[in-house]
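Please look through the sequence and the 3D structure shown here before reading on. The report that accompanies them goes from the whole chain to a few single residues.

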Amino acid sequence: MQHKFTYKIVFLVALFFCTSLSFSQSKKQQELEDRRQELRREIQQINSLLTKNKSQQKSQLTLIEDLNYKVSVRRNLIKVTNQQANLLTREINDNQNKISELREELATLKDNYSKMIVTSYKSKSEQSRVMFLLSSSNFQQAYKRVKYINQYAEYQKEQGESIKTKTAELQVTNTALLKQKADKQQLISENKVAQVELEKELKQHETLMASINKDLSKYATQIKSRQAEASRIDREIERIIKEAIASSNAKSGTKSTSKSTAYAMTPEDKVLANSFVTSKGKLPWPVEKGIVKLRYGRQPSPIVKTIMIQSNGVRIATEKNAKVRAVFNGEVYRIIGSKNGNPSVLIRHGNYFTAYSNLGKIYVKKGDKVTTKQEIGEVFTNPSNGQTMLSFSVFNNSKTENPASWIFKM
């Protein structure tokens, strides 16, 4: 009874440690799984946000941009899934090698144990042990022989426990191996489906690009026009921020020059700015649902590769009537109107500014204090193509920074 109880304890302990080792994915495996799930959710959002208004007549330019983005995400999903499957293959091979080693160790342990049991059986009688002790030439030798008998018995017990532990470890490793094989098969199946979808999208892309290439100069003009309008808005925001810096320096008594680039902060401003910096990488998105269609920095146009696009922020595609949210506590510094476009809201967070452009409705006014996630307006939806796009920027004084470094998982 005691042996059965001991075996159960040994098995459970082995199960616990082996399960922790085999079933909890490695750090790399978990990172890949997290990334894969993010990409899957992104594709779901693409299908929801970019293909929602199917009845809306979209321009060829918008269609190819949407498709380019979708193809890019799909390729990343396939790549990450392949990496995950390859990592599982290595783990499967490691476990198969481990199982082979465990079986060899177990066979050796059992063989040694059986020989030890036979030897023990031949000399197990009480009379043999007594005679072994009585044949001692002195007390010291008799004491050593008693100690030897006890050590031998303990060694037998340890060998028996080792066999139980190895058996339990082998069972758990086998179970882990079966699960890894099932996981790998599921990943392979999912990738086959993703590959089929990618091939369909690439055919659509080829058809659209063939149409666009027939009149490439027209589309190049459209792209340049968009870039010119975005640059005009960026310059206006930058001008207003520089004016704010000059004004703050004048109020504080700091000598203002054309080289003044730092906002003169009050003690309250410094507390707010420090809190903003502390929250870097953890700020909420400016819209509840959205996907980044254009990222920060200088980059070639996805349609006409010879045209370079300078993005001082990000462009986020979202749903119709989407509410715009302040990403952090601050003060509405300016509502910026636009002759050819839609208004923007500029919020100050100490010496940092966040800009929210292409708004259809505005809920705040200059001087209002806002809090994190407070709704400040609504994104404009283009009636001609159904596209709802928010432009969002982050400024450190008058210098732009990558919003993806500030916003959580952007």
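## The chain as a whole

This is a predicted model, and the secondary structure of its protein chain comes to seven helices and 13 strands. Of the 410 residues in the protein chain, 40% are buried, and the chain exposes about 23,700 Å², of which carbon and sulfur atoms supply 53%. When contacts between residues at least 6 apart in sequence are taken together, 74% of them join residues that are at least 24 apart.

## Helix 6 and the residue after it

Helix 6, which covers residues 216–252, has 37 residues, and the distance from its first C-alpha to its last is 54 Å, close to the 54 Å expected at 1.5 Å a residue. The residue that follows helix 6 is Gly253, and its phi is positive, near 85°.

Which residues of helix 7 are buried? They are Asp269, Ala273 and Phe276, and, seen down the axis of helix 7, these buried residues fall within an arc of 60°, so they line one face of the helix.

The face of helix 7 that is turned away from the buried side carries the exposed residues Pro267, Glu268, Val271, Asn274 and Thr278. On the buried side, the residues of helix 7 pack against strand 7 (344–349) and strand 8 (352–357).

His349 is found in strand 7, and because its relative accessibility is 0%, it counts as buried. Not counting residues up to four places away in sequence, His349 touches Leu272, Ala273, Phe276, Phe328, Asn329, Gly330 and Thr354; among the buried residues of helix 7 are Ala273 and Phe276. The side chain of His349 also reaches the backbone oxygen of Asn329, at 2.7 Å.

Asn351 has its place in the loop between strand 7 and strand 8, and, although it belongs to a loop, it is buried, with a relative accessible area of 12%. Leaving aside its neighbours within four places in sequence, Asn351 is in contact with Tyr263, Met265, Ala273, Phe395, Asn396 and Asn397. The C-alpha atoms of Asn351 and Ala262 are separated by 7.4 Å, while the two residues are 89 residues apart along the chain.

## Two residues with positive phi

Most residues other than glycine have a negative phi, and against this background two residues of the chain may be considered in turn. Asn358 lies in the loop between strand 8 and strand 9 (359–362), and its phi is near 70°, a positive value in a residue other than glycine. Is Asn358 buried, partly exposed or exposed? At 22% relative accessibility, Asn358 counts as partly exposed, because the class of buried residues is limited to those under 20%.

Lys409 is placed in the segment after strand 13 (399–401), and its phi, near 50°, is likewise a positive value in a residue other than glycine. With a relative accessibility of 54%, Lys409 counts as exposed, because that class holds residues over 50%.

Definitions and conventions. Residues numbered from 1 in each chain as written. Predicted model: local features only at pLDDT ≥ 70, side-chain atom pairs only at ≥ 80, totals over all residues. Heavy atoms only, no water. Buried < 20%, exposed > 50% of the residue type's maximum accessible area, 1.4 Å probe, protein only. Helix = DSSP H or I, 4+ residues; strand = E, 2+ residues; numbered from the N terminus. Arc of directions from axis to C-beta. Contact = heavy atoms within 4.5 Å. Areas by Shrake-Rupley, 256 points an atom, 1.4 Å probe, with all protein chains shown as cover. Polar contact = N/O pair within 3.5 Å; in protein donor to acceptor, adjacent residues only side chain to side chain. Expected span 1.5 Å × (residues − 1).
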